[in-house]
Amino acid sequence: MLQNHKWKVATFLLAGILTATLIVTPVIAQAETAATTTSAVTSTASAITATGPAIVPDMNFVGPEIKLSLNQAVLLTLTTSSGIESAKIKKMNNLAKTEEYFQTISSYAQQDKMEENASKLGYSFAYSGTSRTAKEMARLAADFATAQSPKNYDAELNTLRRNAVKQYFETLQARDTVRIAQDNVKAQETLLRNTNAKFKLGLVAKKDVLSAEVSLNEAKTSLLGAQNAYATKQMRLNQYFEFPLMQKTTLTDTLAVKDPVLMPLTEAIAKALANRNEIAGANFGLAYQTLNLKEAGNNYSHYSAAYYKAQYTYMDAQKTAKDAPVDVEIDVREKFMQVQAAKASVELGKLNVAKSKESYRMINSSYQLGMKTLADVQNAQLGVVKSENDLSENYLAYQLAIIDYEQAVTVGTYLVQF
């Protein structure tokens, strides 16, 4: 797996890019919308804290309602979140590192100039000159840092986009679970009413009524659990977007996935091989360690520990550079297969929901005619609940699989340290 690969140039995992099928409106074009949303959040925060740091006394979400689309959610993440501030700080740190490399190159040039001037005047300049190989290494590092710094920033943005989408759709999925639980309570209430009516007519035993009551209570308990889970997701969403914790936020997109037009696999692999940070980092590592081995050979015995160490790092970098393209291709192919599998699960989930509902309808009708037992009806209803929850989870998995495939063809989510 790519995550387990040991990159010579130290990299660490972040995540994602937003699929083009989900985010189609340019960020700049949405600035006005984002300003409106941010203004609403500010007003809510002011209202809540107008008389001091008030704490909402219950689990009711308050404040002027914020209606948040997926596009707005991503835009807020890329403009006002703590995540984008952290990304900017890291970008500044990378710029500082890049400048340090160029300052080193400049100091080498100044030392060489001083030595040259002293030689012209017939003076001996007490300076241990930097080797040509060391200067090449410094130049290589400076040039790589210049090129890689903006790519690392792009990888940070990819991660922020994916995290925003993940937060958004996980909240939608939790909301859908509440809907399913509510439908189940309604179905159990109807079943209890029908069972009571049959009992009064002497068509069923008292135990059926008691069983229907137990099922209804269990459904209500499940609903409460779903509502609690949804409330937690709402709080996490508000926290992620830096809204007041108990802000009333309504998500306007739906969980259902519109099948995207995916990039063909061959094209995706070609783009990934050209763009991914892992490959850029591995190639730099090999070039740098090649020079480092040469420098070690010029300064140490080929039987010394220092040379053996340089030889090891070179061989390791060589293997990393060789493996990187294959690992990236495997990653793209895996993500492609995950999209196909997730899509198939969604389609199967739709069929299962339709079949489970029809099965419940038929068994319930037979129960009214005395041809099925209450347990048969209850099991059929549980089948409906399970199939709907499975479909909801499949939608979420499909959304994330699409995003992962789309981001795999860009710089990715790895940050290459230099």
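Leaving aside its neighbours within four places in sequence, which residues is Leu 400 in contact with? Keep that in mind for a moment. First, a caution. This is a predicted model.

Let's start with the whole protein. It has 9 helices and 4 strands. Along the sequence, they follow the pattern β-α-β-α-α-α-α-β-α-α-α-α-β. There are 418 residues, and 43% of them are buried. The accessible surface comes to about 22100 Å². Carbon and sulfur atoms account for 57% of that surface. Now look at contacts with a separation of 6 or more. Of these, 87% join residues 24 or more positions apart.

Back to the opening question. Leu 400 is in contact with Arg 162 and Lys 166, once neighbours within four places are set aside. Leu 400 sits in helix H9. Its C-alpha atom is 9.9 Å from that of Asn 163. Is Leu 400 buried or exposed? Buried means under 20% relative accessible area. Leu 400 has 13%, so it is buried.

Stay on helix H9. Glu 406 is in this helix too. Its relative accessible area is 14%, so Glu 406 also counts as buried. The C-alpha atoms of Glu 406 and Met 263 are separated by 8.0 Å. In sequence, these two are 143 residues apart.

Next, how are packed helices described? By the angle between their axes and the distance between the axes. Let's take two pairs.

Angles over 145 degrees count as roughly antiparallel. The crossing of H7 past H8 is left-handed. Who makes the contact? From H7, the residues include Glu 278, Ile 279, Ala 282 and Leu 286. From H8, they include Tyr 307, Ala 310, Tyr 314 and Val 328.

The second pair is H8 and H9. Here the axes are 7 Å apart, and the angle is about 160°. That makes H8 roughly antiparallel to H9. This crossing is left-handed as well.

Now find helix H6, residues 265–275. Which residues of H6 are buried? They are Ala 268, Ile 269 and Ala 272. Why do they lie on the same side of H6? Because they cover an arc of only 100° around the axis. Turn to the face pointing away from that buried side. There you find the exposed residues Thr 266 and Ala 274. And what do the buried residues of H6 pack against? Three helices: H7 (277–299), H8 (305–368) and H9 (374–407).

Which residues does Gln 234 touch, leaving aside neighbours within four places in sequence? Gln 234 is in contact with Phe 61, Thr 171 and Thr 249.

How values were computed: Residues are numbered from 1 along each chain as its sequence is written. This is a predicted model: local features need pLDDT of at least 70, side-chain atom pairs count only at pLDDT 80 or more; totals for chains, interfaces and linings use all residues. Side-chain values use heavy atoms; hydrogens and water are left out. Buried means under 20% relative accessible area, exposed over 50%, partly exposed in between (1.4 Å probe, protein chains only). Helices (H or I, at least four residues) and strands (E, at least two) are DSSP runs, numbered from the N terminus. The arc is that of the directions from the helix axis to the C-beta atoms. Contact means heavy atoms within 4.5 Å. Accessible areas come from the Shrake-Rupley method with a 1.4 Å probe; for residues, only the protein chains shown count as cover. A crossing is left-handed if the near helix is turned anticlockwise from the far one by less than a right angle, and right-handed if clockwise. Axes are lines fitted to C-alpha atoms, for helices over the stretch in contact, and angles run from 0 to 180 degrees between N-to-C directions. Angles under 35 degrees count as roughly parallel, over 145 as roughly antiparallel, 65 to 115 as roughly perpendicular and the rest as oblique.
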